[in-house]
Amino acid sequence: APALAAPLAEIQMAALDSLAVVVERRAVQLPELAFIVPRRDSFFSAVTRDPVPDARRRAFTFHFRPGLDDAARRRRASEVLGVPAEQFVATFTRHVELPAPRQGHAAIVARIDAALAGLPLALCGNYFAGLAIEDCVRRAASEWRRLAGAA
């Protein structure tokens with residue numbers, strides 16, 4: 001489907017080095033929250049699993065700009081959480097590249113949707129109208145309605 005592949009290829013990507021940190025609940029003084037988005041920092045954002053509470057532990061995933069070494073990422077997570085890195089119960093790292101909507105993104109999505117019209121294919125993700133999981137759910141529902149209407 002070249003008419004679909006072309007606009008998909010125009011969506012810019014952003015590289016992230018993610019660090020997930022698990023800590024004992026009592027070690028973190030921050031109030032429960034869903035995410036942290038700093039104005040200017042070495043990380044783009046941090047998401048938590050606080051919306052799904054755990055009586056013993058809290059978890060945070062920091063999405064760092066590429067180029068920081070592991071020690072610097074752990075040090076910054078420690079500073080933000082107010083918890084010494086030695087108290088991290090577990091850590092996980094991952095390098096990912098994710099869609100990064102920029103100016104003109106709505107026009108790209110319109111071309112993707114036009115190319116999908118009539119195809120027996122659903123294209124879902126959280127990068128069509130935002131970046132949250134809710135955006136992925138909305139996209140999945142709209143794609144279901146489109147395909148169900150075509151049947």
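How exposed is Cys-124, in terms of its relative accessible area? Cys-124 is partly exposed, with a relative accessible area of 37%, where partly exposed lies between buried, which is under 20% relative accessible area, and exposed, which is over 50%, using a 1.4 Å probe and protein chains only. Before I go on, please keep in mind that this is a predicted model, in which local features need pLDDT of at least 70 and side-chain atom pairs count only at pLDDT 80 or more, while totals for chains, interfaces and linings use all residues. Residues are numbered from 1 along each chain as its sequence is written, and side-chain values use heavy atoms, with hydrogens and water left out.

Let me stay with the cysteines for a moment. If a disulfide is taken as a pair of cysteine sulfur atoms within 2.5 Å, the count comes to zero disulfides. Cys-124 is in no disulfide, the nearest cysteine sulfur being that of Cys-136, 6.2 Å away, and that separation is too far for a bond. Cys-136, at 24% relative accessibility, also counts as partly exposed.

Now to the sheet. Helices (H or I, at least four residues) and strands (E, at least two) are DSSP runs, numbered from the N terminus, and two strands pair if DSSP finds at least two bridges between them. On that basis, five strands form an open sheet in the order S2-S3-S4-S1-S5, with antiparallel pairing. S2 and S5 stand at the edges, each with a single partner strand, so one side of each is left without a neighbour in the sheet.

Strand S1, residues 13–24, is mostly covered, since nine of its twelve residues are buried. Ten bridges join S1 to S5, residues 90–99, in the antiparallel sense, and eight bridges join S1 to S4, residues 57–64, again antiparallel. Leu-19 illustrates both pairings, having Thr-93 as its bridge partner in S5 and standing opposite Phe-62 in S4. Val-23, for its part, stands opposite Arg-58 in S4.

S4 is largely enclosed by the rest of the structure, because six of its eight residues are buried. S4 pairs with S3 in the antiparallel sense over five bridges, and within that pairing Ser-45 stands opposite His-63. Further along the sheet, two bridges join S2 to S3, which run antiparallel, with Phe-35 standing opposite Val-47 in S3.

The buried residues of H2 are Ala-72, Arg-73, Ala-77, Ser-78, Val-80 and Leu-81, and what covers them includes S1, S2, S3 and S4, contact here meaning heavy atoms within 4.5 Å. H2 is followed by Gly-82, whose phi is positive, near 70 degrees.

That brings me to the interior. A nonpolar core is a set of buried Ala, Val, Leu, Ile, Met, Phe, Trp, Tyr and Cys residues joined through side-chain atoms within 4.5 Å. The largest such core has 16 residues, and those with the most contacts inside it are Val-21, Val-23, Phe-43, Phe-62, Leu-81, Val-83 and Phe-88. S1, S3, S4 and H2 each supply at least two residues of this core. A second, separate core of ten residues includes Ala-115, Leu-116, Leu-123 and Tyr-127. Returning to Val-23, and leaving aside its neighbours within four places in sequence, its contacts include Val-28, Phe-60, Val-83, Phe-88 and Val-89.

I will end with a residue in a loop. Ala-34 lies in the loop between S1 and S2 and, at 35% relative accessibility, counts as partly exposed. Not counting residues up to four places away in sequence, Ala-34 touches Ala-46, Val-47, Thr-48 and Pro-51. Ala-34 and Ile-11 are 23 residues apart in sequence and 27 Å apart in space, C-alpha to C-alpha.
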